[in-house]
Amino acid sequence: AILSSNASVGLPGIFRGSEAMVFATHLLRKSLLAIEFVCCSFQVSSYHALHTIGLQSAGFVKTPSAPVEQRRIQPNFPMRFQRRDRGSIWRTLQLRCATSPNLDEELSAVVVMSGDGAGASRQMGMTAGVLNLLKICTGLGGLCLASLASASGTGAGSSAVIFLLASLVVCWSFTMVGMGCEAAQEHGGLSRTDIGDFRTVWAAVVGSRTGFIIDAVVVIYVVLTCSIYMPAVHTFMVPILLDMGFPLQKFFLPLKLILAATALLLSRLRYLRDMAVISSIGVAGFIMTCAMVTLRWIDASYSPGGRFGATALVSPSPHFWAWGPSSFSVYLGVVFAMSAHLHAPKFYEELKHQSYKRFRTMSRAAFVGMAAIYSLLTIGSMATFGSSVQGPLTSSYAVKDRLALICRSLCSVALIGVYPLVFNAIWEPVERLLKLVQSRRRHVATQRSHKVMLERAVGVASLLVVAIGLACGDNLGQLFSTISAVLSPVVCWIIPAVLALVAGHRWGYKKKSHWLFCRLAIVWGVVQAVLAILLGISE
């Protein structure tokens, strides 16, 4: 029965739905039960204690004071499991196999609850939280900041100062979300497992009537963010194909069409498995890129007398401390690259010993680390190529550079694999928005028509992603700057400040200065949006 229920339990799925294996799986089930108890007997001193723990974890609760009819095996099942309780999960599965008539449904529920999905309750320490936050923010955005700095005439030193100052203010707005989560948990009636969803926190603090604002912001955020992915993959793939001997003129347009079709197909994936492998590839690619930038800066391979000096496009670098009005685009880019605010409730939920102070300490360490990484990439690439750094910066390196080839390959695989995971976040907000629209109509849509409308709405969103990606052409740095100007004021300033302001107004502020700073953050978000529009018009 374990083998025939779901392959993701960890055993082969070839036996799924096979009636011929019923007797064999029954014997295997009993064997697993016996082996589990024999192995676990070495871990506890008393078999009776082990048996009691196993029965309690499976819901087989017997109390002497309870009536006879209540002493029978209860059908309820524990709702959450920790990662460290894998043995308890198997023990529970095996005990349930002997009595449950609805084995397939219950095993499917166990697979969902014991996996890495939303039902799993995990906790992470301070170091793990810092590393996870760094992993989220060290991606494609960090690879485009050097091109923004070189295009705006901002020196490498001034860029590093902008990164540091931006990390401090963005860290403050990020911790404001943590303050709202703490208030929602203490005063809003949310449990530890409910605190990980931004919309749920917003509904508990601000009100459920304005929850559609968060849904709309998430939809816009996903569409604009995903529109960067496929142009970036195209930028990574062109040097790889040139190195393999493919003619660029013949494969330039077909490659774009293939990537557009791939994006449309990946957008239809709704139920995904664990993406830990793809995430690890992305982290490896980013670490390799940092190492490559540092190594090529030190060994001077792209200098006039270096190995790749003949093929490198090197322009004079701006003054180290040069800056001007155009440097505002660098600020917009780094703020957007650090915009992990929609994930802040999840970090607060999984943080051990939840508190605003621990969350603030974790955030400060992570954002300062991001500023250091961005500064390393910008200083190293501008020292190598001057003001001719392209976006992403791996495009500046030679086609024959094998180290750059490895970095491009890893980043391409990571972007293609992560794309459906990022786009998958659009389904639930779109569904809630459709229900809100349908509730205001006189005619209530049937379940089938609602599903059709949902599929169409998500399909339109995927077409919009592809259209934006194709319209940007090869100017990935300009696309990144434009999207930064649109999203960063709302995601990084207005929404966190409103959340913290309402929480402080209802239940009290942590500090008296928060009353003023939250209002200043809202005003700055509006001013930043206006300045971004004026800067775009002037350029």
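Modeller: At 3% relative accessibility, Tyr397 counts as buried; the word means under 20% relative accessible area, with exposed over 50% and partly exposed in between (1.4 Å probe, protein chains only). This is a predicted model, in which local features need pLDDT of at least 70 and side-chain atom pairs count only at pLDDT 80 or more, while totals for chains, interfaces and linings use all residues. Residues are numbered from 1 along each chain as its sequence is written, and side-chain values use heavy atoms, without hydrogens and water.

Colleague: What does Tyr397 pair with, and in which geometry?

Modeller: A pair of aromatic rings is described by the distance of the centres and the angle of the planes. Phe385 and Tyr397 have ring centres 4.8 Å apart and planes at 90 degrees, so this pair is edge-to-face. Rings of Phe, Tyr and Trp (its six-membered ring) pair if their centres lie within 6.5 Å; planes under 30 degrees apart are stacked, over 60 edge-to-face, and the rest tilted. Phe385 belongs to helix α15 (residues 356-385) and Tyr397 to the loop between α15 and α16 (402-423), so that distant parts of the chain, 12 residues apart, are linked. Helices (H or I, at least four residues) and strands (E, at least two) are DSSP runs numbered from the N terminus. Phe385 is likewise buried, at 0% relative accessibility. In total the structure holds 16 aromatic pairs, and Phe174, Tyr348, Phe359 and Phe367 make up one aromatic cluster.

Colleague: How many helices and strands are there, and how much of the protein is buried?

Modeller: The secondary structure comes to 20 helices and 0 strands, and 47% of the 539 residues count as buried. Helix α13 is mostly covered, with 10 of its 10 residues buried.

Colleague: Which residues have the most contacts inside the largest nonpolar core?

Modeller: In soluble globular proteins, nonpolar side chains tend to be buried together. Here the largest nonpolar core has 127 residues, and Met370, Tyr374, Tyr419, Phe423 and Ile426 have the most contacts inside it. Helix α10 (residues 211-243) supplies the largest share of this core, 17 residues. Such a core is a set of buried Ala, Val, Leu, Ile, Met, Phe, Trp, Tyr and Cys residues joined through side-chain atoms within 4.5 Å. Leaving aside residues up to four places away in sequence, Ile426 touches Val219, Val222, Val223, Val458 and Ala461, a contact being heavy atoms within 4.5 Å.

Colleague: How far apart are the closest N and O atoms of Asp401 and Arg296?

Modeller: The closest N and O atoms of Asp401 and Arg296 are 2.8 Å apart. Asp401 is in the loop between α15 and α16 and Arg296 in helix α12, 105 residues apart. Both residues are buried.

Definitions and conventions:
Salt bridge = Lys/Arg side-chain N within 4 Å of Asp/Glu carboxyl O.
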